[in-house]
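Open the model in your viewer and keep the selection tool at hand.

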Amino acid sequence: MKAQVLKEGYGIEFRVHLLADSSGCAFTDREQGFKVQEIVKLKKSKGHVKDLPEFIQGKSCKDFIMEMDYKLDLIFEASPVNIRDGEPGLSICRASLEKGFHLVLANKGPIVVGYKSLKDLAAARGVTMMHSATVCGGLPVVNLGRNTVAANIQLFQGIFNATTNFILSEMGDGRKYEDALIEAQRRGIAETDPSLDVEGWDTANKLLIICRAILNIDCDLKDIEVEGITRITPEMIQEAAKSDQVYKLIAIAKRNDDGSYQKSVKPTLVHRDTFLARTVGWEMSVEMHSDLYGIHYHKAWEREPLPTASAMMRDAVNIVNKQKISDPRFG
């Protein structure tokens with residue numbers, strides 16, 4: 001268990017007082033909070049928050065947060081992604097920040113739909129919002145960009161969707177697109193409706209977050225050229241292999257001389273000896289070029305939710321460490 005590591009190494013002990021899932025929310029004001037192992041056991045047995053005696057009847061999580069008197073330190077927001085209007089996560093985020101709670105997200109929906117308003121609200125309430133888990137889970141893409149102090153990032157590119165990367169790798173081994181997609185679905189990685197992945201929109205949403213949070217570009221999805229992998233055929237892949245090239249779905253933000261950026265997500269031919277070409281199967285990767293820090297390459301293999309959850313923990317620890325400087329409650 002990492003609880004002891006966090007306590008001994010970082011001086012942090014997390015206590016869970018508010019829980020939510022699709023069935024509603026539950027709250028306890030007991031000093032030690034919920035017993036986490038019991039909650040894990042409940043969820044593994046297909047149980048719901050509504051099965052708990054602390055379940056709150058008749059209130060949404062957002063409404064309960066707005067009405068509660070108990071002071072929480074931070075909220076973890078990991079509800080299902082909705083890139084149309086960001087709900088219900090967006091309302092939960094706004095309520096949390098409005099109440100003065102720090103916020104950690106894995107859900108990219110609120111960041112895609114309402115990043116600026118959430119950022120402004122966090123600043124107005126004097127709290128911190130972090131969301132490194134929204135882009136490639138455990139791969140520290142957002143943190144990598146934020147650490148380039150005083151630098152101009154000339155190129156930020158990567159493979160941000162493991163599902164499409166797996167499909168293209170399988171097609172490189174001779175499978176048809178349809179068969180590779182079925183295999184990805186059989187393994188539980190591709191969604192029943194895989195359109196967000198294979199049409200490039202999941203990758204585009206991640207690139208949008210990078211543009212806003214790292215490159216400080218005020219842009220929307222309509223400003224990104226997006227093309228998915230559905231037009232790629234085994235014949236195209238075989239022809240590319242003759243010249244030692246492979247297809248990858250690559251997100252690119254490239255700086256122009258005037259400081260603006262070209263932004264695109266599309267299948268791209270790359271030489272098989274390059275870093276991105278060697279990102280295979282379930283791997284995701286990022287490549288960053290800057291004028292001060294040279295070229296960075298990072299890669300991660302991720303087929304389970306643990307790295308994403310770990311990224312949320314990392315953000316929470318960073319928030320606590322930041323608060324220790326100014327707030328004795330965290331000391």
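Start with the largest nonpolar core of this predicted model. Select Met-129, Phe-156 and Ile-167: of the 73 residues in that core, these touch the most other members. Now colour helix H10, residues 201-213. Helix H10 supplies the largest share of the core, 7 residues.

Next, centre on Phe-156. Set aside its neighbours within four places in sequence, and show what is in contact with Phe-156.

Then move to a second, separate core of 9 residues. Select Ala-106, Ala-311, Met-312 and Ala-316, which are among its members.

Now the cysteines. How many disulfides does the structure hold? The count is 0. Select Cys-219 and Cys-211: their sulfurs are 4.4 Å apart, and Cys-211 holds the closest cysteine sulfur to that of Cys-219. Cys-219 is buried, at 3% relative accessible area. Select Cys-136 next. The closest cysteine sulfur to that of Cys-136 is also in Cys-211, 13 Å away and too far for a bond. Cys-136 is buried as well, at 2%.

Last stop: Asp-315, in helix H12, residues 306-324. Is Asp-315 buried or exposed? Asp-315 is buried, yet has no salt bridge. The nearest side chain of opposite charge, Arg-314, is 4.5 Å away, while a salt bridge requires 4 Å or less. Leave out neighbours within four places in sequence, and Asp-315 is in contact with Val-104, Met-130, His-131, Ser-132, Ala-133 and Asn-143.

Technical notes
Residues are numbered from 1 along each chain as its sequence is written. This is a predicted model: local features need pLDDT of at least 70, side-chain atom pairs count only at pLDDT 80 or more; totals for chains, interfaces and linings use all residues. Side-chain values use heavy atoms; hydrogens and water are left out. A nonpolar core is a set of buried Ala, Val, Leu, Ile, Met, Phe, Trp, Tyr and Cys residues joined through side-chain atoms within 4.5 Å. Buried means under 20% relative accessible area, exposed over 50%, partly exposed in between (1.4 Å probe, protein chains only). Helices (H or I, at least four residues) and strands (E, at least two) are DSSP runs, numbered from the N terminus. Contact means heavy atoms within 4.5 Å. A disulfide is a pair of cysteine sulfur atoms within 2.5 Å. Lys and Arg count as positive and Asp and Glu as negative; His and the chain ends are not counted.
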